[in-house]
Amino acid sequence: MPDHEASRASTTGGLPVAPALGPALDQLRFPHEETGANRRLLEVSALSIVIGLGGALSAEILVRLIALITNISFYGRWSVTRVSPSDHLLGLWVVLVPIVGGLIVGVMARYGSPAVRGHGIPEAMERVLFAESRIAPRIMLLKPLSAAVSIGTGGPFGAEGPIIATGGALGSVIGQFLKITADERKTLLAAGAAAGMAAIFSAPVSAVLLAVELLLFEYRPRSIIPVALASATATAAWMVFHGPQPVFAMSNLAQPSWQALVSYLVLGAIVGVASVFVTRSVYAVEDAFERLPIHWMWWPAIGAVAVGVLGYIQPDILGVGYDNIREVLNGAIVGKALVLLVVLKFISWTVALGSGTSGGTLAPLFTIGGGLGLVLGRLVSGWAPGLGIDSRIAALVGMAAMFAGASRALLTSIVFAFETTRQPLGLMPLLLGCSAAYIISLAGMRNSIMTERLARRGAPIRTDYAVDYLTRLLVREVVAPGLVTVAANDTIEKVREWIAEGTPESQHHGYPVVDGAGTLIGVVTLRDIANPKVDPNAPVASVIRRPPAVIYEDNTLREAADHMVEEGVGRLVVVKREAPWQMLGLISRSDLLEAHRSRLAARRAGRTLDIRTTAARFGLEWGHVPAEPAARAQENGGERKG
């Protein structure tokens, strides 16, 4: 059709004269493009600083509340001074203390909120993934209170899990009272959680990494900056309360030899196996409680029976046990006491956590992993002193490797061990040991201790981080050349006849519509043209239903896909940024799917790479029988075997 050819020439050939900026150009629907730093980021960052202070205060209140309940339960006095329950003089009556605490937690969970059950982080993950980061305000009160009762009456938990949940609830509640997006509310939740961890361990960097690896599920400036500010603020507040010293102070370490580094790598792998066993044990106990013919409100009290009995045998397993971690890292616990601490702490924590009471997982994992590392380090150094293994470094590696294997938070584990001890010479052993544990964990179980519960509820959990493939491709790389347009004053009947000719140009599913000056005024689809209710003599412009949605040639395919969703269209007109009236082509949903073909091809190529392919690259032929022996076998009338 001549009109089509003229339109095509006016829009795709050469550089056209810019038309006057009329209503059509003003109505173009351009994509939303995010900027790096903007007012919203500054506002969220300011809120995060406030949340950081709130998280630090919440952590201090929780720690003091745990101390108060510990003093009341084990020593019969009103005091908020930190004490260990292991020095009690209750004798056999100590068995009843955790049971009473379990009963109180069960009542709080049933009549207050079931969300107080568990160790905090999986519940926060669930709210991020499936509830737009919304947490009920009452959790800010009930979670720390239930945790204080559970831990203060001897529960073998750390305070970090509950305060992470409490800080996350604080950020979420503030986000719910303000007019912000779900992504911004997620950032505030993660900022509160990171502040809680930083305020317990004075470990700001690992708190940020924990938020990235377990809560944010992204790494972008708009989320990292607020979380980092909240974490740093909470750490500064912790220093005001407790001073600048590390939480788990160690005496200076010596530079490890290469033989020792290899040993720490193997030790990390062994602890990785233990982390798989620990994780499976927790959920096996949880499954056992699920089969009990009584209401779950009574489960924490039943689990507390094991805590009380084992606490009578070994009082050091009661309570948070941060002092135990310090002694393990400095090699101050030896022999039977060390073995009893590791074994009984593991049993009591596994049973108590599986019962659904309120408490954290990090401190018990650190105690079990550090004690196991110390035991293995001493055994190996006694058998092979030439390896140069330092049992304290072995304990440090065991502590971090247990956390890395159980939680799959590799970077968090390494940086946490460094920040809480400030021993730079432990970084290389930590890197090796935690990486080995992480590999073993990936091979040994499908989900981590943080995600198993969510997976059982049918929630798809992916902790892999990769750049969205569509963000790596620009629109100009996939847009097809040769734009076909339709003149606005053509009749519907004329366009139908042209489509019926069956030429390649007439077989598209949509066409840009241009006026006499070649200016884009809209897009029509085959469905619009074929609609029997449309007057055949009406101009094409009459069936345009909306302003045209366009995309710049230098936008990414991700931006194009998002723009299609927001505009509710299946194709976008591609234009130049400096000359929006100049159309370059059309991009459709099928083009976005086709863009993945190269990615899939590359992945298939990686799967087919085997030893034969590798050998061929070096000019070798795997399995090839040399000519002379083969010929000699044929001459002998026999078949070559082997």
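The legends below describe close-up views of a predicted model.

Residues are numbered from 1 along each chain as its sequence is written. In this predicted model, local features need pLDDT of at least 70 and side-chain atom pairs count only at pLDDT 80 or more, whereas totals for chains, interfaces and linings use all residues; side-chain values use heavy atoms, with hydrogens and water left out.

**View 1. Overview of the chain.** The secondary structure comprises 26 helices and six strands, taken as DSSP runs numbered from the N terminus (helices: H or I, at least four residues; strands: E, at least two). Of the 642 residues, 52% count as buried (buried: under 20% relative accessible area; exposed: over 50%; partly exposed: in between; 1.4 Å probe, protein chains only). The accessible surface comes to about 29,300 Å², and 62% of this area belongs to carbon and sulfur atoms (Shrake-Rupley method, 1.4 Å probe; for residues, only the protein chains shown count as cover).

View 2. Strand β5 (residues 571-575) runs antiparallel to β6 and is joined to β6 by five bridges. L572 stands opposite I587 in β6.

**View 3. A nonpolar surface patch.** L92, V305, V309, Y312 and I313 make a nonpolar patch of about 470 Å². Patches are made of residues with over 30% relative accessible area and no salt bridge, with like charges joined within 9 Å and nonpolar side chains (Val, Leu, Ile, Met, Phe, Trp, Tyr) within 5 Å; a salt bridge is a side-chain nitrogen of Lys or Arg within 4 Å of a carboxyl oxygen of Asp or Glu. L92 belongs to the loop between α3 (39-75) and α4 (96-111) and is exposed, at 59% relative accessible area.

**View 4. Loop residues with positive phi.** Most residues other than glycine have a negative phi. S202, in the loop between α8 (182-201) and α9 (204-216), has a positive phi of about 50° and is buried at 4% relative accessibility. R408, in the loop between α16 (391-407) and α17 (410-421), has a phi near 65° and is buried with a relative accessible area of 11%.

Methods: Pairing = 2+ DSSP bridges.
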